[in-house]
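Please look over the sequence and the structure shown here before turning to the briefing that follows. The points are grouped by topic.

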There are 2 protein chains.
Amino acid sequence: MTQSKASAQAAHPLTLIPGPVEFTDEVLAAMATPSQSHVSPQFVEVFGDALALLRQLFFNTDKRAQTFAIAGAGTLGWDFVASNLIEPGEDALVLHTGYFADSLADCIATYGGKPTQLKAPIGDIVMLDAIETALKEKTFKVVTITHVDTSTGVLSDIKSIAALVRAVSPETLVIVDGVCSVGVEEIRFDDWDLDLVLTAPQKAIGVPAGLSIFIASGRALDVFRARKAPPTSYYASFAKWLPIMQNYEAKKPSYFSTPPVQNIHALLASLKQILAVPLADRFAAHARMSDRIKSTIASYGLKQVAVREGYQANGMTAVYLPDGVALPDLLPRIASRGIVLAGGLHREIATKYFRIGHMGVSVTDEDREDFDKALAAIKDSLAEAGYTV
Amino acid sequence: MTQSKASAQAAHPLTLIPGPVEFTDEVLAAMATPSQSHVSPQFVEVFGDALALLRQLFFNTDKRAQTFAIAGAGTLGWDFVASNLIEPGEDALVLHTGYFADSLADCIATYGGKPTQLKAPIGDIVMLDAIETALKEKTFKVVTITHVDTSTGVLSDIKSIAALVRAVSPETLVIVDGVCSVGVEEIRFDDWDLDLVLTAPQKAIGVPAGLSIFIASGRALDVFRARKAPPTSYYASFAKWLPIMQNYEAKKPSYFSTPPVQNIHALLASLKQILAVPLADRFAAHARMSDRIKSTIASYGLKQVAVREGYQANGMTAVYLPDGVALPDLLPRIASRGIVLAGGLHREIATKYFRIGHMGVSVTDEDREDFDKALAAIKDSLAEAGYTV
């Protein structure tokens, strides 16, 4: 691990939610980079390197694909999908494993696409046979998968779903919402034949919020180029941004809209730290921490929202409250011990569970002992709230 | 002045372009704020305060108006206008004083609006009688004005234009692109009866790029509420963001898309510095520096792109190159002296001029002597390039 063992940061509550996560000192220092022109050779080098290193996070070597990093948020990635890869009236199959599929369907409809949701029961995945049946019923322009739904902690098997889509409906684009998965779950973009994976920086990439990050395949870009009509968004248009990203990666300055210089410096700083260790080791470290947290939670007699073994996220855990303990009984007690966890988000069960994020430096730098502290705080707070572990 | 006199920042080239500008140490320190949950009481306080202080920058006290600060860029503000305040098929009158009006017209057309451009000759303003004639020809849903076009340095008289619009076409919304003006030019949002002013942080607000900032009037929000159809953007939707901004300003956590926590901390830090001094003093300091730069440039025998006295920006100067000196002869020589200036941007004259930004701490903290250095660097570099001042 190249990450600093002793943090230079001011004492602060540990943010152990499913994003934003704790950041390394080097990433925060990069956020404070003095002013730099967005077209200066110094910044062009940094932006180009960040776009190139992003490819490694996706195991991408096919240069027909392109990485993007744009001022915005994870949510903005949906606008890119809906306004560039789907034309008005075209169908989208939205696999639903929680809150975020509802929002994505809403986004697709905003730009004139026709979303069809295929819903799993709360805490479960959408079954492959149901997806196959749906794909045979009509032609979908895209299939969208929430890799990890941050509202439930359900992990979808994007490799198998992508293979199924390619077999049954070869022209359909496979879109992955990787907001809570990129950097913690394996994503082999080229090998698994994916078309677009979007994410945000403040989760397992370990960079403050403020960017929309994604990679689009050559196939996706060809579909964009073959559009009958121009993109239906201005700021979220591939027509505007694709040449900009290509130019920066080729180390040439280019202008459409001023990039967030400091956030891009922070992105490069974090990618260098992440890629200094084999990604397989990083994923394994997160899997081990996830197993430890999930088994400890189970030993407290608590149940996960994500019910199916093997389909539980490695970067977060959603935990049902025990009977008789409400969120306001628990989270403030945990907070008083210096640990910030998150409440529920899924509309139907929001008050019934809480969420722990375990991504980034809190996982990879074991000397921080963040989760020793967090698990102890949960146990003690449950006891204080009247639940005996 | 409350700004620090001695910078703690690493030695770096001075960025004196029309954004990004130099930042204060306090703003950069805020960019490095350790991780914080976006719904924590600590962050809710910071975000709410920033939204409230933003009102002061616009002399706004009418609470029917709302300030917004959203992860993105100045450009994204146009998407908010085009997708919330104009419905498909409706007309927009775009006053053109440079590059940015073309882009704004493109944005309006993307969402189905019908832009009519009223073009000034390069370097000049659009005349009031031409605007009056246009307003009488058809009903426009909005009139857009680029307060300062960053490609030319032309300053438009938004107060007079707004008064004219209100007299001739009272229902028409007055939209101001204040990207290169907010924080340096006076903007009395309530008194001048404006409807939306959008800006970006990396200019006279003195915060790194990464935000779309704007204020919308009660009238504009009522027009939005009366839409026949929903907004045509998802991420840039008032329907999504208005309740979020209202909640944060009321110090209540709220979620649509994760806000850029560190950028918002930096925004608050800068607004506190800016508002520690009367705004009239700040505007006067910028006007004095602008006069000094413009008169020095004239004493070198160089001409401004913005030709009309009284309609020249106070935060930037666009300067035609002398005969026989090309941009590659000049800017690298200035850069070798530690000063970063910008090339041209207006498509028709891009290679014929350069631009100086004079906004923010480089202006207000005279002890920095940034423009003593810059003006000397320009003079010496011109001589080196064979032009005798």
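**Confidence**

- The mean pLDDT of chain A is 96, with 98% of its residues reaching 70 or more.
- Residues 1–5 of chain A have a pLDDT below 50, and beyond near neighbours in sequence this stretch makes 14 contacts in the model. Where pLDDT is low, the predicted coordinates should not be read in detail.
- For the complex, the predictor gives an ipTM of 0.97 and a pTM of 0.97.

**H11(A) with H13(A)**

- The crossing in which H11(A) passes H13(A) is right-handed.
- From H11(A), the residues Leu330(A), Arg333(A) and Ile334(A) take part in the contact, and they meet Ala377(A), Ile378(A), Ser381(A), Leu382(A) and Glu384(A) of H13(A). By class, this contact of H11(A) with H13(A) has 5 nonpolar, 1 polar and 2 charged residues.

**H2(A) with H8(A)**

- Helix H2 (residues 41–57) of chain A packs against helix H8 (residues 238–249) of chain A at an angle of about 100°, and the two axes are 7 Å apart. H2(A) is therefore roughly perpendicular to H8(A).
- On the H2(A) side, the contact is made by Phe43(A), Val44(A), Phe47(A), Gly48(A), Leu51(A), Ala52(A) and Arg55(A), which meet Met245(A), Tyr248(A) and Glu249(A) in H8(A). Sorted by class, the residues of this contact are 7 nonpolar, 1 polar and 2 charged.

**H3(A) with H4(A)**

- Helix H3 (residues 74–84) of chain A and helix H4 (residues 99–110) of chain A have axes 9 Å apart and pack at an angle of about 40°, which makes H3(A) oblique to H4(A).
- H3(A) passes H4(A) in a crossing that is right-handed.
- Trp78(A), Asp79(A) and Ala82(A) of H3(A) are in contact with Phe100(A), Ser103(A), Leu104(A), Cys107(A) and Ile108(A) of H4(A). The contact of H3(A) with H4(A) comprises 6 nonpolar, 1 polar and 1 charged residues.

**The two chains**

**Backbone details**

- The peptide bond from Gly19(A) to Pro20(A) is cis, with omega near -5°, and Pro20(A) is placed in the loop between strand S1 (14–15) and helix H1 (25–31) of chain A.
- In chain B, the peptide bond from Gly19(B) to Pro20(B) is cis, with omega near 0°, and Pro20(B) is placed in the loop between strand S1 (14–15) and helix H1 (25–31) of chain B.
- Although Asp193(A) is not a glycine, this residue has a positive phi of about 60°, and Asp193(A) lies in the loop between strand S8 (173–177) and strand S9 (196–199) of chain A.

Terms used: Residues are numbered from 1 along each chain as its sequence is written. Chains are lettered from A and ligands numbered from 1 in the order in which they are written. This is a predicted model: local features need pLDDT of at least 70, side-chain atom pairs count only at pLDDT 80 or more; totals for chains, interfaces and linings use all residues. Side-chain values use heavy atoms; hydrogens and water are left out. A crossing is left-handed if the near helix is turned anticlockwise from the far one by less than a right angle, and right-handed if clockwise. Helices (H or I, at least four residues) and strands (E, at least two) are DSSP runs, numbered from the N terminus. Contact means heavy atoms within 4.5 Å. Ala, Val, Leu, Ile, Met, Phe, Trp, Tyr, Cys and Pro count as nonpolar, Asp, Glu, Lys and Arg as charged, and the others, Gly among them, as polar. pLDDT is the predictor's confidence in each residue, from 0 to 100. Axes are lines fitted to C-alpha atoms, for helices over the stretch in contact, and angles run from 0 to 180 degrees between N-to-C directions. Angles under 35 degrees count as roughly parallel, over 145 as roughly antiparallel, 65 to 115 as roughly perpendicular and the rest as oblique.
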